[in-house]
Amino acid sequence: MSEREVRARIVRAWYEPARWRFLAFESAVVQHLRRALASGELANVQVESRTKSVDSFVAKALTADPVNPAGFKYSHPETEIVDAVGARMIVPLSTDVAPVRDLLHERYVVEEEEARGAADQLEVPGYQSLHLLLRLRKHERGAPEFKDMADMVVEVQVRTILQHAWASLQHDLAYKTDRPPTPSLKRRLTALAGVLELADREFIQVREAHGDVEPIVAVGSASRGEKLTPTSVRKLVGNVVGGAEETDQIWFDALTSVLGELELHNVGDVLRSLAGWERRAEAVTAAVRETRPYANAVYVFDAMLRLGMGEQYFARRLEHANVDQHPTARREFDRERGGLVRAVAALVD
Amino acid sequence: MQDNDYVVVVAAGTAWGFYRLSGGYVCQPGRTFQNAGRMAFYSNRQVHGAAARIERVIPSVELSQAQAARRTLSLDPTERRVGDIMTAALSDLWSEREVQIVLLSPFHSEETVRFEPVVHRGAHAWTQNQRYARLDALMSARSTQDLTAHDGQDDEAGL
């Protein structure tokens, strides 16, 4: 039996029984990805997924080492083949890729990222896709649906509709026909990639000329009319206070609920409610962290809302709160707010 | 009923610094302190010079970012304090788990009785868990030898 046949048998014996775990992970992680997209108002991003078949996994494990063709590219395929579970996110146009990328960076640990076929890397057009290798963030690994699977990774490709059409055609021609495409056909495929790239740019310009200057999917930075979601709130807090990237996403979920209680509906409402305190963000941060060095960006932002809205903050939240003793809560609110006003004043004076 | 003159002295490690920062004490769920109305801290061979009033004990709560966020942003001042303590614990690299949280009068509060630290000169730690002492004894003691025997041996039952 040849070395390839021996390896194929060993890998097949490992992957065949293990594949159920990858299938379970695929199901759980795709739901997780869809929920993440929905919470970031990116629910119209199309999501596909697959778990490698046994034959496909074995074939990949037999890939030759490019440096030493007699050997194998993956010494330990069970750990080195990281795309056993893959997901693909398809967006309308190239300007819609960045918001998806930003969201994935916010919600997951990005182990690897590669922009294949990026415009600044290629002299000739061809395959284009953003590839990310994702792992769950620590606080989500305990979720029941990820039991015994919390450390697994998923490879996510993000590409446009046109990029996907080209990649699918190119893949079918390369791998699903009796013979590889001729040089002439390859040239025509390359030319087609260039045409589709031009088409993408033209679609974007048509959309902008129509007046729809924001991408169909969410923009990168918050605009005043933008609705409040955990994603837009995170961007807003990052813009006003900074340090949002160091704060767990769950805090932004909680702050979004608070903003709802405060009857603030969009970014503009929130900025108006800060009543100028956002211009003293540095002093407010320093005053808060003087007594609470562990206070994160959300805490500071909430403090700024309390400063800016004053009595209105308390009154609006009281309608939603289950506060046992209102007078005590009101006294504490006033005391804390007053102390912060004095502390900030001492820092800026 | 809590006795404000009865002090549980806990073996502190990092807890003394944590109390100074957050005004709280975090330990395993369900830990009891007899009827002590105050808490003090022992580490580095001394009982540190503050007997904080035990304001509230939350015997079992999930220490997590979700709970910390919800409580810290609450309008309820007690919930807010609990959230504060949770945030401090998580930033202190406590792992997410069930814990007990004790709300204490802050170090600079009038409710916290301050005294000269009580040094310990014995060969072994004065407590590795918790012991009890009368407040007036702590205030007048020059060393742990002055804290009489009936003020309490290590209390395993509290753990």
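## Exercises on the contact of chains A and B

In this predicted model, 19 residues of chain B are in contact (heavy atoms within 4.5 Å) with 27 residues of chain A. Local features need pLDDT of at least 70 and side-chain atom pairs pLDDT 80 or more, while totals for chains, interfaces and linings use all residues. Residues are numbered from 1 along each chain, and chains are lettered from A in the order in which they are written.

**Exercise 1.** State how much area chain B and chain A bury between them.

*Solution.*
- Start with the term: buried area is the accessible area (1.4 Å probe) that two parts lose on being put together, summed over both.
- The two chains bury about 1800 Å². Carbon and sulfur atoms carry 67% of it.
- Now look at chain B. B:Leu73, B:Leu75 and B:Arg80 supply 41% of the area it buries against chain A, more than any other three residues.

**Exercise 2.** Find a salt bridge across the interface of chain B and chain A.

*Solution.*
- Apply the rule: a side-chain nitrogen of Lys or Arg lies within 4 Å of a carboxyl oxygen of Asp or Glu.
- Three salt bridges cross this interface.
- A:Asp302 and B:Arg80 meet in a salt bridge, at 3.7 Å from N to O.
- Elements come next. α1 (15–22), α2 and α3 (77–91) of chain B each supply at least two residues of the side that touches chain A. Helices here are DSSP runs (H or I, at least four residues), numbered from the N terminus.

**Exercise 3.** Describe how helix α8 of chain A packs on helix α2 of chain B.

*Solution.*
- Two packed helices are described by the angle between their axes and the distance between the axes.
- The axes of α8(A) (residues 249–261) and α2(B) (residues 65–72) come within 9 Å and cross at roughly 35°. Axes are lines fitted to C-alpha atoms over the stretch in contact, and angles run from 0 to 180 degrees between N-to-C directions.
- From α8(A), the contact uses A:Ile250, A:Trp251 and A:Ala254. From α2(B), the residues include B:Gln65, B:Ala66 and B:Arg70.

Notes:
Heavy atoms only, no water.
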